[in-house]
Amino acid sequence: MSPLTIASVHVHPVKSCGGIAVDVAALTRDGLAWDRQWAVVRADTGRALTQRDTPVLALISAALPAEALLGGAWGDEGGGAPAAALTLTGPPGDGHPPLIIPLHRPAAPRTRTPVSVWEYAGDADDEGEEAAAWVSAVVGRAVRLVRYAPGGGRPRLVAPAWTPAGAPPGAEAAFKDGYPLLVTSAASAADLAARLGRAGLDGRRFRANIVIAGAAPWEEDGWAELSIGGEGGGEGIRVGLAKPCDRCTIPAVNPETGVVDGKDITPALRAFRTGSALGWAGVQAPWRNAVFFGWNGAAIGCGGGGDGRAVVGLVR
């Protein structure tokens, strides 16, 4: 069997907006640096928007300084480089200049605003009127851009029942869909594309953090843990896979166009990737009709606390 390698690494700074393919990124108990630290929320209710209801979010692209992706002193809690910033760019030809959001948190408290992401409700830092006007113009409705605030009234903790054994406790999911990491397999995406009769399937549709190459299709269903790096006797990084990822309709959105052109993806998965078909319905009753692609997980070998860091990188 061919050795497994990392095919790609992705950070999605703003929930449901375009991601960044990176060569390296810092990895902590909370996931990759800057992943899903911002969200676009309705101005009236604070409810987070996603590509399910607002497909054009896929066309908002993000950029971060390479140094910021390595974590450490770049960014948060008064220790960051003041010039470091998240840059958001709208759809091609929309005429709006890029939006610049400083990573450095100012010493003065920001305006906190109530937000909700699925079952979670808490307070987030509002990025201000300029950011709100920019994103509202792009999506065509009144929204706010908010940033996750650790300790902002109620941390969004990863469910202990789905935390891999050995992972540091207290991981915060920020605005992710509940877990620090999403791991997928390039071979499984290729198999799904073949079942759909397509030449290929853009893996960005599945919004993974780490894409593995070299496995057989759906081999990941038998993995409990990945060891990344560590050649020559080094310890490397351990990533525990806690649960299969049940999928919504976001893979139907084309990341290049923001158009829903993949309505056949979920039905194709439903033919062989439901909890019932895979024999998983007995683990969780709601899984019976859910469809699965990829695995949620968390880092195990990044140190015992929230500041423990490792670096995960692209293996070519």
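**Reading a cavity**

Author: Start with the largest cavity, which is lined by Val-158, Trp-162, Thr-163, Pro-164, Ala-171, Tyr-179, Pro-180, Ala-242, Gly-297 and Ala-298. Keep in mind that this is a predicted model.

Reader: How many cavities of 30 Å³ or more does the search find?

Author: The search covers the whole structure and finds 1 of that size. The space in the largest cavity is about 30 Å³.

Reader: How many helices and strands does the chain have?

Author: There are 4 helices and 17 strands. The chain has 316 residues, and 53% of them are buried.

Reader: What share of the contacts joins residues at least 24 apart?

Author: Take the contacts between residues at least 6 apart in sequence; 69% of them join residues at least 24 apart. The accessible surface of the chain is about 13400 Å², with 55% belonging to carbon and sulfur atoms.

**Reading a core**

Reader: What tends to happen to nonpolar side chains in soluble globular proteins?

Author: They tend to be buried together. Here, the largest nonpolar core has 54 residues. Leu-86, Leu-88, Val-135 and Leu-145 touch the most other members. Helix 1, residues 129-139, gives the most to this core, with 5 residues.

Reader: Which residues does Val-135 touch?

Author: Leave out residues up to four places away in sequence. Val-135 then touches Val-40, Ile-60, Leu-99, Val-143 and Leu-145. A second core is separate and has 13 residues, including Leu-196, Leu-201, Trp-218 and Ala-268.

**Reading a helix**

Reader: Why do residues three or four places apart in an α-helix point the same way?

Author: An α-helix has 3.6 residues a turn, so residues at that spacing point the same way. Now list the buried residues of helix 1: Ala-131, Ala-132, Trp-134, Val-135, Ser-136, Val-138 and Val-139. The buried residues of helix 1 pack against strand 5 (38-42), strand 7 (85-89), strand 8 (99-102) and strand 11 (143-148). Gly-140 follows helix 1, with a positive phi near 80 degrees.

Reader: Which residues are buried in helix 2?

Author: Helix 2 spans residues 186-196, and its buried residues are Ala-187, Ser-188, Ala-189, Asp-191, Leu-192, Ala-193 and Leu-196. They pack against strand 12 (181-185), helix 3 (265-270) and strand 16 (292-299).

Reader: Which residue caps the N-terminal end of helix 2?

Author: Ser-185 does. One of its side-chain oxygens lies 3.2 Å from the backbone nitrogen of Ala-187. After helix 2 comes Gly-197, with a positive phi near 75 degrees.

**Reading loops**

Reader: What is phi in Ser-16, which is not a glycine?

Author: Phi is positive in Ser-16, about 70 degrees. Ser-16 is in the loop between strand 1 (5-11) and strand 2 (20-22). Ser-16 counts as buried because its relative accessibility is 4%. Ala-174 is not a glycine, and its phi is positive, about 50 degrees. The loop between strand 11 and strand 12 holds Ala-174. Ala-174 has 1% relative accessibility, so it counts as buried.

Reader: Is Asn-209 buried or exposed?

Author: Asn-209 is buried, because its relative accessibility is 2%. Asn-209 lies in the loop between helix 2 and strand 13 (210-213). Its side chain makes a polar contact of 3.2 Å with the side chain of Asp-35.

Reader: Which residues is Asn-209 in contact with, leaving aside neighbours within four places in sequence?

Author: They are Ser-8, Val-9, His-10, His-12, Leu-32, Asp-35, Arg-36, Pro-180, Leu-181 and Leu-182.

Note on methods. Residues numbered from 1 in each chain as written. Heavy atoms only, no water. Core = buried A, V, L, I, M, F, W, Y, C linked by side-chain atoms within 4.5 Å. Buried < 20%, exposed > 50% of the residue type's maximum accessible area, 1.4 Å probe, protein only. Helix = DSSP H or I, 4+ residues; strand = E, 2+ residues; numbered from the N terminus. Contact = heavy atoms within 4.5 Å. Polar contact = N/O pair within 3.5 Å; in protein donor to acceptor, adjacent residues only side chain to side chain. Areas by Shrake-Rupley, 256 points an atom, 1.4 Å probe, with all protein chains shown as cover. 1 Å grid on protein atoms, 1.4 Å probe; cavity = no way out; pocket = protein on both sides within 12 Å on 5 of 7 lines; lining within 4 Å. Points joined across faces, edges and corners; volume = space filled by probe spheres on them.
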